[in-house]
Amino acid sequence: MALPEAFHAIAARVNNWGRWGADDEIGTLNLITDEVVRRAAAEVRTGRRVPLALPLREDGVQTGMIPGRVNPLHTMVQINQEIFGPGTVACSDDAVTMGLQAATHWDALTHVSHSGRIYNGRPAATVTAYGGAEFSGIDKARHIVSRGVLLDVARARGVDRLPGGHAITPEDLRAAEDLAGTRVRAGDIVLVRTGQMRVFLAGDKHGYAHPSPGLSVRTPEWFHARDVAAVANDTLTFEIFPPEIDDLWLPVHALDLVEMGMLQGQNWNLEGLSTACGEEGRYAFLLSAMPEPFVGATGAPVAPVAIL
């Protein structure tokens, strides 16, 4: 089924193809300039560090809904082995098999396509079985350090967790800005808290998966207007799931990644950050969030740290 006219109208309004040149592969990460990072460093006041990644483990968030996206399978390949002979230093080594988007991760701009295209108008066929993404793989998304802003939508609405059917709107984002006492500015990385992570942390990963609150199809225009560099949240699917519009699957992915060229992240644990920001009375911080640079990958794990 073809994407509806309303989708294409939004796509035209947020489209960044060619904005940073025909050869560009990183999209809105171009907005993280040296000056943006210098100003972001000024947000560090106490040095309090808040990790935002889920542990990589076999009983992680993946339910099997997406074929091949397996939780980490950890194997010891040698244990206390004296590889240089008896009496020498012994080594232990391990290996892991996992979906690169199994837990806390960034989606690369090549994670989805629509109408046969990926970001900057390149053919979707440039993603192949042999080399992965020829353009805009996650390895191109380097130096992701900027000012982070927590938009705690759940707290702004006076709840611990948004209900599963809640589609976050621009009005919700503005209310969370008011709570934060700051305004999202160009080059920021925005973290949107729904509270859905609480479901997973309580042991219900199927309930965590769906029904899930998430970003509405109305939000890409808000992020585009603010020149946001990247967005992440605390849900499995990023956008509301099941979808807010019947039979329109992953429209926010397509608008963010394909049209805007804006990285999005999922499964970020924002619970500790929500507590820390509430205690500190401020919601902006220095954020370090570099993905593992798997060449040609359409996503990668990340272990983000917010520094207040």
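Two strands count as paired here if DSSP finds at least two bridges between them. Helices (H or I, at least four residues) and strands (E, at least two) are DSSP runs, numbered from the N terminus. What you're looking at is a predicted model, so local features need pLDDT of at least 70, side-chain atom pairs count only at pLDDT 80 or more, and totals for chains, interfaces and linings use all residues. Residues are numbered from 1 along each chain as its sequence is written, and side-chain values use heavy atoms, with hydrogens and water left out.

**Strand 9 and its neighbours**

- Strand 7 (residues 145–152) runs parallel to strand 9, and the two pair over five bridges.
- Val149 has Val190 of strand 9 as its bridge partner.
- Strand 9 also pairs with strand 11 (residues 230–233), again in the parallel sense, over four bridges.
- In that pairing, Val192 sits opposite Asn233 of strand 11.
- Five of the five residues of strand 9 (residues 189–193) are buried (under 20% relative accessible area, with exposed meaning over 50% and partly exposed in between; 1.4 Å probe, protein chains only), so the strand is largely enclosed by the rest of the structure.
- In a regular strand, side chains alternate between the two faces of the sheet.
- Here Ile189, Leu191 and Arg193 point one way, while Val190 and Val192 point the other way, and all are buried.

**Salt bridges**

- A salt bridge means a side-chain nitrogen of Lys or Arg within 4 Å of a carboxyl oxygen of Asp or Glu, and by that rule the model has 23 of them.
- Glu280 forms one with Arg48, with the closest N and O atoms 3.3 Å apart.
- Because Glu280 is in helix 9 (residues 271–280) and Arg48 is in the loop between helix 2 (34–41) and strand 1 (49–51), this pair ties together parts that are 232 residues apart in sequence.
- Both partners are partly exposed, Glu280 at 26% relative accessibility and Arg48 at 31%.
- Arg198 and Asp160 make another salt bridge, their closest N and O atoms being 3.8 Å apart.
- That pair links distant parts of the chain, 38 residues apart: Arg198 is in helix 5 (residues 197–201), and Asp160 is in the loop between helix 3 (153–156) and strand 8 (167–168).
- Arg198 is partly exposed at 37%, whereas Asp160 counts as exposed at 51%.
- Arg198 and Asp160 also belong to a salt-bridge network with Asp152, Arg155, Arg193 and Glu271.
- Arg183 pairs with Glu177, with 3.7 Å between the closest N and O atoms; Arg183 is partly exposed at 45%, but Glu177 is buried at 1%.

**Helix 1**

- Phe7, Ile10, Ala11 and Val14 are the buried residues of helix 1 (residues 5–14).
- They cover an arc of only 105 degrees around the axis (taken from the directions from the helix axis to the C-beta atoms), which puts them on the same side of helix 1.
- Glu5 and Ala12, on the other side of helix 1, are exposed.
- Helix 7 (219–226) and helix 8 (251–260) are among the elements covering those buried residues, with contact meaning heavy atoms within 4.5 Å.

**Cavities**

- A cavity is a set of points, on a 1 Å grid over the protein atoms alone, where a 1.4 Å probe fits but cannot get out.
- Residues lining the largest cavity (an atom within 4 Å of a point) include Glu25, Ile26, Leu29, Lys140 and Leu263.

Definitions and conventions: 1 Å grid on protein atoms, 1.4 Å probe; cavity = no way out; pocket = protein on both sides within 12 Å on 5 of 7 lines; lining within 4 Å.
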